[in-house]
Amino acid sequence: MSLPIDYVPVLIQVAVALGFSVTALIGSAMLGSRVHGKVKDDTFECGIAYEGDARSPFSVKYFLTAILFVLFDIEIIFFYPYALNIRDFGVEGFLAVLTFISVFLMGFVYVVKKGALDWEK
């Protein structure tokens, strides 16, 4: 059974990937440190001793702010095609974008009135 010539580059890439993986695993096992115990298994980050539990809950305000950032960031992406084709869209396109902006502006006003961006509460 012979393989078509088109499969040779794929087989070479698979062989190189497997060879690198095996070499990296064996090399790290042979050259890596063999220290175990409290010092090795202890949490270490930037030289600062840790305090408390890593499972402490985050404030809901953090997640709300992140979601609002993504929402308004995606809004900006929709303006790019409009900016490229502003002359082709004419008045009808301008009114559509104005409607789009007004919906997001109403959402932003609602968020501000609800106090979602006030961190002091």
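This is a predicted model: local features need pLDDT of at least 70, side-chain atom pairs count only at pLDDT 80 or more; totals for chains, interfaces and linings use all residues.
**Entry 1: overall layout**

I started with the secondary structure and counted four helices and zero strands (helices are DSSP runs of H or I of at least four residues, strands runs of E of at least two, numbered from the N terminus). Along the sequence the pattern reads α-α-α-α. Residues are numbered from 1 along each chain as its sequence is written, and side-chain values use heavy atoms, with hydrogens and water left out.

**Entry 2: burial and surface**

How much of the chain is buried? I found that 7% of the 121 residues count as buried (under 20% relative accessible area; exposed is over 50%, partly exposed in between, with a 1.4 Å probe and protein chains only). The accessible surface comes to about 11,200 Å², and carbon and sulfur atoms hold 70% of that (Shrake-Rupley method, 1.4 Å probe; for residues, only the protein chains shown count as cover).

**Entry 3: helix α4**

Next I looked at α4, residues 86-114. Its 29 residues put the end C-alpha atoms only 35 Å apart, short of the 42 Å a straight helix would reach (the expected span is 1.5 Å times one less than the number of residues). I then found a kink of about 75 degrees centred on Glu 92 (the angle between axes fitted to the seven residues ending there and the seven starting there). Just after α4, Gly 115 has a positive phi of about 80 degrees.

Which residues of α4 are buried? They are Gly 93, Val 97, Phe 104 and Val 111, and they pack against α3 (60-84) (contact means heavy atoms within 4.5 Å).

**Entry 4: helix α3**

Over to the partner: α3 has 25 residues and reaches 38 Å from first C-alpha to last, close to the expected 36 Å. I listed Leu 68, Glu 75 and Tyr 82 as its buried residues, and their cover includes α4.

Phe 78 also lies in α3, but this one is exposed, with a relative accessible area of 54%.
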